[in-house]
Amino acid sequence: MIDTDKYEGHTLGPWKVEGAKTIIGAEDLRITVKGGTQRDKNLRLVADAPLLLAEVKRLRIALDTISRCHSAKQSREVAKHFLGVEEE
């Protein structure tokens with residue numbers, strides 16, 4: 001499991017790709033990704049880091065909440081709330 005606490009205090013998003021190899025964000029954040037055949041994909045992945053971290057945290061809350069449910073019905077209701085899961 002990833003220790004998300006180690007990311008506390010990071011530069012808040014959004015981060016965005018600028019040009020062919022630079023990511024920019026608030027507080028004068030500039031990240032340069034050099035070389036590699038997958039540079040474009042790596043740029044997009046790094047730029048989405050704040051969004052991915054937020055999603056991990058949201059899903060952990062959802063899983064924790066679901067694990068505390070006392071019935072299948074309650075679990076489905078919580079899943080629908082957090083995850084947009086529709087009942088079949």
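Which residues in α1 meet Ala49, Pro50 and Leu52 in α2? The legends below begin with that contact. The model is predicted, and its local features need pLDDT of at least 70, side-chain atom pairs count only at pLDDT 80 or more, and totals for chains, interfaces and linings use all residues. Residues are numbered from 1 along each chain as its sequence is written, and side-chain values use heavy atoms, with hydrogens and water left out.

**View 1. The contact of α1 with α2.** Leu45, Val46 and Ala47 of α1 meet Ala49, Pro50 and Leu52 of α2 (contact means heavy atoms within 4.5 Å). The axes of helix α1 (residues 39-47) and α2 come within 5 Å and cross at roughly 50° (axes are lines fitted to C-alpha atoms, for helices over the stretch in contact, with angles from 0 to 180 degrees between N-to-C directions; helices are DSSP runs of H or I, at least four residues, numbered from the N terminus). This makes α1 oblique to α2 (angles under 35 degrees count as roughly parallel, over 145 as roughly antiparallel, 65 to 115 as roughly perpendicular and the rest as oblique).

**View 2. The contact of α2 with α3.** Helix α2 (residues 49-67) and helix α3 (residues 72-83) have axes that come within 9 Å and cross at roughly 170°. The two helices are therefore roughly antiparallel. On α2 the contact is made by Arg58, Leu59, Ile61, Ala62, Thr65 and Ile66, and on α3 by Ser75, Val78, Ala79, Phe82 and Leu83.

**View 3. The end of α3.** Gly84 follows α3 and has a positive phi, near 70°.
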